Amino acid sequence: MSLNAVPSSDRIHIGIFGRRNAGKSSLINAITGQNLAIVSDVKGTTTDPVLKSMELLPLGPVVIIDTPGLDDLGKLGSLRIQKARQILNKTDMALLVLDGTASVQEEDLEVFRLIKAKEIPCILVINKCDLMPSSGILLPDEMKAEQIVYVSAVEGKNIRELKELMGKQAEYKKEGVPLVSDLIDPTDVVLLVIPIDKAAPKGRLILPQQQTIRDILEKGGIPVLTRDSELETTLKKLDSAGTKPALVITDSQIFAQVSALVPTEIPLTSFSILFARYKGSLVDAVSGAKALDFLQDGDCVLISEGCTHHRQCGDIGTQKLPDMLKKHTGKNLTFAFTSGTEFPMDLSPYRVIIHCGGCMLNDREMKFRQSCARDQQIPMTNYGIAIAHMKGILDRSIACLFA
């Protein structure tokens with residue numbers, strides 16, 4: 001990711017849904033003014049969800065998601081439809097495209113009801129209005145209360161009006177909980193402890209570190225970065241200069257070492273814990289960590305990550321966390337792993353879920369995963385919270401977040 005780019009996870013995600021040949025891809029090209037999506041008269045041209053990050057006025061940074069037709073056929077078609085519906089879990093705004101030359105079908109109603117059930121802001125886009133019969137399109141009563149706009153994607157008719165309506169709909173997406181800026185005051189020194197090991201990407205900082213630094217700077221704070229190997233020296237130099245950090249933020253993997261060095265009067269937390277609050281429910285994640293103490297022989301732990309990075313020797317998800325859990329519980333546990341967009345709908349095989357910070361997922365998808373776990377009564381926690389709990393420093397690491 002460019003250092004100048006808004007992370008995809010923080011952009012408004014706009015999902016385009018509809019039946020085959022309703023004109024979804026043509027609409028995307030008309031909205032963006034670019035040939036982003038392949039357009040064809042052949043039904044089913046879009047076979048998988050396609051995500052494109054871009055700037056779109058008047059909304060700003062967005063992710064446009066083109067989805068397969070909701071009436072795709074055959075076994076492969078049903079899998080494509082399932083993928084399209086999964087996109088709803090990360091959709092901040094839905095455009096349901098209806099063919100103005102055809103009647104509303106059951107597939108249209110089904111996805112409309114899903115959109116409403118998930119409380120996603122929705123615009124009904126009646127496409128091909130230039131070809132629509134004079135009698136218009138007959139909408140079911142349940143659709144009539146929605147925002148509706150008639151467009152012709154091919155002719156560009158009413159596209160500006162659609163974009164203005166999208167801008168108004170996007171106003172609902174509030175800033176939400178800050179990442180770290182509400183925990184500090186301008187000119188506060190914030191010490192970030194960042195290990196540089198073989199798993200660290202060459203030449204750059206990982207996304208949670210980048211976003212945290214940016215949020216500190218926007219508040220007017222003073223970020224000071226050090227490796228764990230220089231932490232003790234850095235603390236001494238700051239102390240000799242009469243500067244005490246207002247907050248220390250560390251990588252979760254070195255929580256215990258950092259906690260031992262940072263004086264107890266200085267607030268301490270981790271990047272992962274900050275993201276647990278930023279993306280979802282911190283209370284749920286803290287509560288979920290308690291389940292780690294009650295794991296039994298044969299229990300299966302799901303370890304889930306939102307990204308698909310190349311795993312190396314000593315990977316935190318597949319090696320370090322399982323080792324910590326076995327040591328903490330003294331039990332013979334089994335583990336399952338998921339990454340990227342894959343997250344099981346049936347969570348019954350798992351006794352507890354440990355999820356990454358979710359920096360690559362938007363908050364809607366992260367909260368959806370938490371709600372799935374909550375509905376199925378499976379405790380779910382977070383990498384940093386789980387590690388802090390197992391190291392006996394959880395109370396200290398979340399104290400500043402509940403002050």
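How many aromatic pairs does the structure hold? In this predicted model, the structure holds one aromatic pair. A pair of aromatic rings is described by the distance of the centres and the angle of the planes. The ring centres of Phe-275 and Tyr-278 are 5.8 Å apart and the ring planes stand at 90 degrees, so this pair is edge-to-face; planes over 60 degrees apart are counted in that class.

The surroundings of this pair may be considered next. Both Phe-275 and Tyr-278 belong to helix 8, where three residues, about one turn of the helix, separate them. An α-helix has 3.6 residues a turn, so residues three or four places apart point the same way. Helix 8 spans residues 271-279 and is mostly covered, with nine of its nine residues buried. Among them are Ser-272, Leu-274, Arg-277 and Lys-279. Phe-275 has a relative accessible area of 1%, and it counts as buried because the cut-off is under 20%.

Six strands, in the order 2-3-1-4-5-6, make up an open sheet with mixed pairing. Strand 2 (50-56) and strand 6 (147-150) are its edge strands, each pairing on one side only. On average, neighbouring strands are turned by 25 degrees against each other, direction ignored. Strands of a sheet pair through backbone hydrogen bonds, either parallel or antiparallel. Strand 5, residues 122-127, pairs with strand 6 in the parallel sense over four bridges, and Leu-124 stands opposite Ile-148 in strand 6.

Helix 4, residues 159-170, packs on this sheet and touches strands 1, 2, 4, 5 and 6. The direction of helix 4 makes about 170 degrees with that of strand 5.

Terms used: Residues are numbered from 1 along each chain as its sequence is written. This is a predicted model: local features need pLDDT of at least 70, side-chain atom pairs count only at pLDDT 80 or more; totals for chains, interfaces and linings use all residues. Side-chain values use heavy atoms; hydrogens and water are left out. Two strands pair if DSSP finds at least two bridges between them. Helices (H or I, at least four residues) and strands (E, at least two) are DSSP runs, numbered from the N terminus. Axes are lines fitted to C-alpha atoms, for helices over the stretch in contact, and angles run from 0 to 180 degrees between N-to-C directions. Contact means heavy atoms within 4.5 Å. Buried means under 20% relative accessible area, exposed over 50%, partly exposed in between (1.4 Å probe, protein chains only). Rings of Phe, Tyr and Trp (its six-membered ring) pair if their centres lie within 6.5 Å; planes under 30 degrees apart count as stacked, over 60 as edge-to-face and the rest as tilted.
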